[in-house]
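Please keep the sequence and the model open while reading.

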Amino acid sequence: MTSETHYKIQKILGKGSTGQVYEGIDQRNGQSVVIKRQYLDLNEITISTEIDVLTQINCQHPNLMCLKDIIYGQDKGEKYVDIILQYEPNVYSLEFRSDLSFSHLLLIMTNVTLAVQFLHQKGILHLDIKPANILINDDTQTFLIDYGLSCFQEGYQPVSTKRPAILTKFTSWR
């Protein structure tokens with residue numbers, strides 16, 4: 001965590017109730033990143049939860065975004081935190097995709113289920129799964145995002161760490 005930034009905002013990708021999401025660039029290496037700017041005075045608990053979850057999952061699942069950095073700053077008197085995430089080109093929110101076939105939707109939901117299973121194995125409950133929080137690219141690679149409403153389940157023990165056989169078979173058809 002730092003207050004010094006090496007990230008430059010390129011364009012806005014979306015707006016939420018507590019901030020904005022931008023495409024940016026890491027000026028140290030030229031790599032694209034996602035900058036999720038959230039204003040601290042609007043919902044500090046939600047921001048803290050999201051940072052805790054991102055830190056806990058630590059890039060360990062292909063259907064969850066990777067945390068790259070956390071930057072604290074101030075703009076025109078407003079304190080904010082920039083959550084720097086991996087950038088994936090050509091991703092769209094599932095809520096805006098009405099052109100998907102049943103088999104594509106099945107694959108997407110399988111990937112979301114695997115992401116949720118991984119979170120549950122870590123004792124994390126997402127609590128905000130909806131089309132707006134599911135991103136997909138043109139190859140139907142799927143990302144479950146937005147962990148602000150998540151919570152940690154104390155003493156949570158997963159029922160099984162093995163994937164159900166039907167999911168294993170389905171993902172092997174890809």
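The model is predicted. An open sheet of five strands is present, in the order β1-β2-β3-β5-β4, and an open sheet of three strands has the order β6-β8-β9. Pairing is antiparallel in the five-stranded sheet and antiparallel in the three-stranded one. The largest pocket holds about 1100 Å³ of space, and the whole structure contains seven salt bridges.

**Five-stranded sheet**

- The strands of this sheet follow the order β1-β2-β3-β5-β4. β1 and β4 form its edges, and each of these pairs on one side only. From one strand to the next, the twist averages 30 degrees.
- Seven bridges hold β1 and β2 together in the antiparallel sense. Within this pair, lysine 11 is opposite glutamate 23 of β2. The hairpin that connects β1 to β2 passes through three residues.
- Strand β4 (residues 67-75) runs antiparallel to β5, and eight bridges join the two. Leucine 67 faces leucine 85 in β5, while glycine 73 faces tyrosine 80 in β5.
- The hairpin of β4 and β5 has two residues between the strands, and lysine 76 there takes a positive phi near 55 degrees.

- Because lysine 36 belongs to strand β3 and glutamate 50 to helix α1, the pair ties together parts that are 14 residues apart in sequence.

- The order here is β6-β8-β9, with antiparallel pairing. β6 (92-93) and β9 (142-144) are at the edges and have a single partner strand each, so one side of each is left without a neighbour in the sheet.
- Two bridges pair β6 with strand β8 (residues 134-136) in the antiparallel sense. Tyrosine 92 has isoleucine 136 in β8 as its bridge partner.
- Helix α2 (residues 102-121) packs on this sheet and touches β8 and β9. The direction of α2 makes about 40 degrees with that of β9.

**Largest pocket**

- Empty space left between atoms is shown by rolling a probe the size of a water molecule over them.
- The space in the largest pocket comes to about 1100 Å³. The pocket is lined by 41 residues, of which Gly14, Val21, Ala132, Leu135 and Ile145 are the closest to its centre.
- Which elements give two or more residues to the lining of the largest pocket? They are the strands β1 (7-15), β2 (19-26), β3 (32-39), β5 (78-86) and β6, together with the helix α1 (44-57).
- By residue type, the lining of the largest pocket divides into 16 nonpolar, 14 polar and 11 charged residues.

Conventions
Residues numbered from 1 in each chain as written. Predicted model: local features only at pLDDT ≥ 70, side-chain atom pairs only at ≥ 80, totals over all residues. Heavy atoms only, no water. Pairing = 2+ DSSP bridges. Helix = DSSP H or I, 4+ residues; strand = E, 2+ residues; numbered from the N terminus. Contact = heavy atoms within 4.5 Å. Axes fitted to C-alpha atoms, helices over the stretch in contact; angles between N-to-C directions. 1 Å grid on protein atoms, 1.4 Å probe; cavity = no way out; pocket = protein on both sides within 12 Å on 5 of 7 lines; lining within 4 Å. Points joined across faces, edges and corners; volume = space filled by probe spheres on them. Nonpolar A, V, L, I, M, F, W, Y, C, P; charged D, E, K, R; others polar. Salt bridge = Lys/Arg side-chain N within 4 Å of Asp/Glu carboxyl O.
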